[in-house]
Amino acid sequence: MSIRVEALTKVYGQQKAVDGISFTADTGVLGFLGPNGAGKSTTMKMLTCFLPPTSGTASVCGFDINTHPLDVKRNIGYLPESNPLYTDMYVKESLAFVAGIHGLHEPANRIAEVIEQTGLGPEQHKRIGQLSKGYRQRVGLAQAILHNPQVLILDEPTSGLDPNQLVGIRQLITDLGKTKTIILSTHIMQEVEAVCSQVIIINRGSIVANDSLSNLRSNNKGNTLENIFIELTN
Ligand SMILES: Nc1ncnc2c1ncn2[C@@H]1O[C@H](COP(=O)(O)OP(=O)(O)OP(=O)(O)O)[C@@H](O)[C@H]1O
C-alpha cells in the first residue's frame, strides 16, 4: 500500500479536527470528500508532514510520517489548498527552484516535460504574478509532480477553474492516477464521478464512508453521489 493511515488524530486546542481515522490507498485516485471543516486539509497536512499528528500515525511508500518525514516528502507531491507560489518568479524559474530543492540532476528536460504535461506551454515565459488563476493552479500542479513522486496529495486542485481548464486538469489527474496514488480533495461531485476510483467521506473528523465509487453507488440505489454525501454528513 502506498498510503496507510492508522488512528490518525489532530487536536487544535479544544477541538478534535481529525478523530482517529484509518484507511489505506494504492494506485488510483481516491476522492477525499467532506463538508467544510470536516478535517480534510488537516489530514492532508499530516500526511505531507506539514503538521505533526496529536496521536496515531501514517506511512507513505512505507515511510512513517513521525519517524521518516524527509523520505515521506521525497515520495510525495503536495498541492495545498492555498497554492502558495512565488509570484515574482517566472514559471520556468520557479520550476528550476523546486527542482533544485529536490536535487534533480539536469532538470531542464524534466521541466520541459512537466510544462508540456500541465499545458503551461503558452504561458511559460510569464511571471507567476501575471498568470490567471487556472494557470497558477497548473504551476502548483507542475511543482507537485516535478520530482515524479509516487503519491500526490491535491487539495481542491480545480477550484476556480473555467470549464475548459477543468477538463484538461481532470484528464491530467486521471492519467497520473494510472501509475500513482492520488488523494484528491474536492467539493465537486461531478469531478469525483469523472476521476475517482475510491471515495472516502469524512464528517466532523471521522470517516463515514470508505468504498469504491461503484460500490457506493450500488449500495445506495438510485441516489446521486450528492445525495449520498448529504445523507452521510447531516
Ligand atoms: N491551525 C488551526 N488552528 C485551529 N483550528 C484549526 C486550524 N486549522 C483548522 N482548524 C479547524 O479544524 C477543523 C478542520 O479544518 P480543515 O481545514 O481540516 O477542514 P476541511 O475539511 O479541509 O474544510 P474545507 O472544506 O472548508 O477546506 C475546522 O473546524 C477548522 O476550523
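User: Why is Val60 called buried?

Analyst: A residue is buried if 20 or more other C-beta atoms, placed from the backbone, lie within 10 Å of its own, exposed if 12 or fewer, and partly exposed in between. Val60 has 29 C-beta neighbours inside 10 Å, so it counts as buried. Bear in mind that this is a predicted model, where local features need pLDDT of at least 70, side-chain atom pairs count only at pLDDT 80 or more, and totals for chains, interfaces and linings use all residues. Residues are numbered from 1 along each chain as its sequence is written.

User: What is Val60 in contact with, leaving aside its neighbours within four places in sequence?

Analyst: Two residues are in contact if their C-beta atoms, placed from the backbone, lie within 7 Å. By that rule Val60 is in contact with Ser2, Ile3, Leu47, Ile65, Val72, Asn75, Ile76 and Val151. Val60 itself belongs to strand β4 (residues 55–60); helices (H or I, at least four residues) and strands (E, at least two) are DSSP runs, numbered from the N terminus.

User: And why is Asn203 called partly exposed?

Analyst: Asn203 has 18 other C-beta atoms within 10 Å, so it is partly exposed. Its place is in strand β9 (residues 198–203). Not counting residues up to four places away in sequence, Asn203 touches Gly34, Pro35, Ala38, Val208, Leu232 and Thr233.

User: How do you know that the buried residues of α3 line one face of the helix?

Analyst: In helix α3 (residues 91–101), the buried residues are Val91, Ser94, Leu95, Val98 and Ala99. Seen down the axis of α3, they fall within an arc of 140 degrees, so they line one face of the helix. That arc is taken from the directions from the helix axis to the C-beta atoms. The exposed residues Phe97 and Gly100 sit on the face turned away from the buried side. As for partners, the buried residues of α3 pack against α4 (108–117) and α5 (133–145).

User: What makes a residue part of the shell around the ligand, and which residues are there?

Analyst: A residue is near a molecule or strand if its C-beta atom, placed from the backbone, lies within 6 Å of it. Around the ligand are Tyr12, Gln15, Ala17, Gly34, Asn36, Gly37, Ala38, Gly39, Lys40, Ser41, Thr42 and Glu81. The largest share, three residues, comes from α1. Ala, Val, Leu, Ile, Met, Phe, Trp, Tyr, Cys and Pro count as nonpolar, Asp, Glu, Lys and Arg as charged, and the others, Gly among them, as polar. On that scheme the shell divides into three nonpolar, seven polar and two charged residues.
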